[in-house]
Amino acid sequence: MHKSVLLKEVLSTLDPKPGEVFLDGTINGGGHSEAVCSVLGAKGTLVGIDEDSDALQAAEKRLSTCKTKKIFFEGNFRNLDSALDSHGIKTADKVLFDLGLSSRQLEISGRGFSFQNEEPLLMTFSSTPSGAFTAEDVVNEWGEENIAVILESYGEECYAKQIAKAIVAARGRKKIETSRELALIVKEAVPAKYRNGKTHPATKTFQAIRMAVNDELAAISMGLEKAWERLAPGGRIGVISFHSLEDRIVKNFFRERDRSGEGVLITKKPIAPSREEVQENPRSRSSKLRVIQKI
């Protein structure tokens, strides 16, 4: 089961109350929401959003005994206003975005998120990506320079140009169709020292392509704007990020609201996981939680 990152910290800083409307913009398997529902009670409302229909089904099953009113919406959190409008909800008291890739998506989604599995090269958050833009499109159709740019900007990959060149050369011989094929191309394109380091050499490449496929940074900016518009006075937004680019967007958005007098920072500095949590769940090590309250 996917382990919810910074769970105790989310509860303490967002501070949900009985009867409130809580919007979980990335409900996934429902870990954070399960804990929140125990606080909201029967008079509260939980709105859970996720692009992945499989994740929504898992969350619905996990929260089946929860007495809180539950609303599930399949879609990106950039459309959270539609989720609220479709059920006549004007404002939310608390909003949470957990931007991490879940264990479920990595291990059993079958959509090519992991370089350790032989899966179709999709990398779409949606579990029904028919006709959608995919990672296969990126590696087989984008120009070498464009591939290098996203690897460098989204993945902060120092060997972006070498990897992009190798991808273009490989697809000239055969269409790149699976996650393992792509991982092998990347591994062979980088120096031996990088290839044999602690982190798999394809990690940043996969991250960058996934972010491009799902337009993640634009979604974060739009989701934050809409969340702020629909946040009740005194309400709070919390964001868990795992990437420096994500965190920068969140930090700047919160800082602007704080400086303008529209909000007040609940977390002056981002909250990181404890040593115990990192030992128990290594995937939490890069996570950061920021929270702001609307005045």
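Start at Asp-215, which follows helix α11 and has a positive phi, near 50°. Helices here are DSSP runs of H or I with at least four residues, strands are runs of E with at least two, and both are numbered from the N terminus. This is a predicted model: local features need pLDDT of at least 70, side-chain atom pairs count only at pLDDT 80 or more, and totals for chains, interfaces and linings use all residues. Residues are numbered from 1 along each chain as its sequence is written, and side-chain values use heavy atoms, with hydrogens and water left out.

**Stop 1: α11**

Step back and select α11, residues 203-213. This helix is mostly covered, with eight of its 11 residues buried. Buried means under 20% relative accessible area, exposed means over 50%, and partly exposed lies in between (1.4 Å probe, protein chains only). Colour the buried set: Thr-205, Phe-206, Ala-208, Ile-209, Arg-210, Met-211, Ala-212 and Val-213. Now show what they pack against: α6 (135-141), α7 (144-153), α8 (160-173), α9, α12 (216-230) and α13 (244-260). Contact throughout means heavy atoms within 4.5 Å.

**Stop 2**

Two packed helices are described by the angle between their axes and the distance between the axes. Axes are lines fitted to C-alpha atoms, for helices over the stretch in contact, and angles run from 0 to 180 degrees between N-to-C directions. Under 35 degrees counts as roughly parallel, over 145 as roughly antiparallel, 65 to 115 as roughly perpendicular, and the rest as oblique.

The crossing of α9 past α11 is right-handed. Right-handed means the near helix is turned clockwise from the far one by less than a right angle; left-handed means anticlockwise. Show Ser-179, Leu-182, Ala-183 and Val-186 on α9, then Thr-205, Phe-206 and Ile-209 on α11; these make the contact. By class, they are five nonpolar, two polar and no charged. Nonpolar covers Ala, Val, Leu, Ile, Met, Phe, Trp, Tyr, Cys and Pro; charged covers Asp, Glu, Lys and Arg; the others, Gly among them, are polar.

**Stop 3: Ser-114**

Select Ser-114, in the loop between α5 (103-107) and α6. Is Ser-114 buried or exposed? Ser-114 is buried, at 8% relative accessible area. Beyond neighbours within four places in sequence, Ser-114 touches Leu-106, Ser-179 and Phe-206.

**Stop 4: α8 on α9**

Keep α9 and bring up α8. Their axes are 9 Å apart, at an angle of about 130°. The pair is therefore oblique, and α8 passes α9 in a right-handed crossing. From α8, pick Gln-162, Ile-163, Ala-166, Ile-167 and Ala-170; from α9, pick Leu-182, Ile-185, Val-186 and Ala-189. This contact has eight nonpolar residues, one polar and no charged.

**Stop 5: α1 and α2**

Move to α1 (residues 7-14) and α2 (residues 31-40), whose axes come within 10 Å and cross at roughly 45°. They are therefore oblique to each other. Their crossing is right-handed. Leu-7, Val-10 and Leu-11 of α1 meet Gly-31, His-32, Ala-35 and Val-36 of α2.

**Stop 6: the cysteines**

How many disulfides does the whole structure hold? A search finds zero; a disulfide is a pair of cysteine sulfur atoms within 2.5 Å. Select Cys-66: the closest cysteine sulfur, in Cys-37, is 3.0 Å away, too far for a bond. Cys-66 is buried, at 17% relative accessible area. Finish on Cys-158, which is exposed at 56%.
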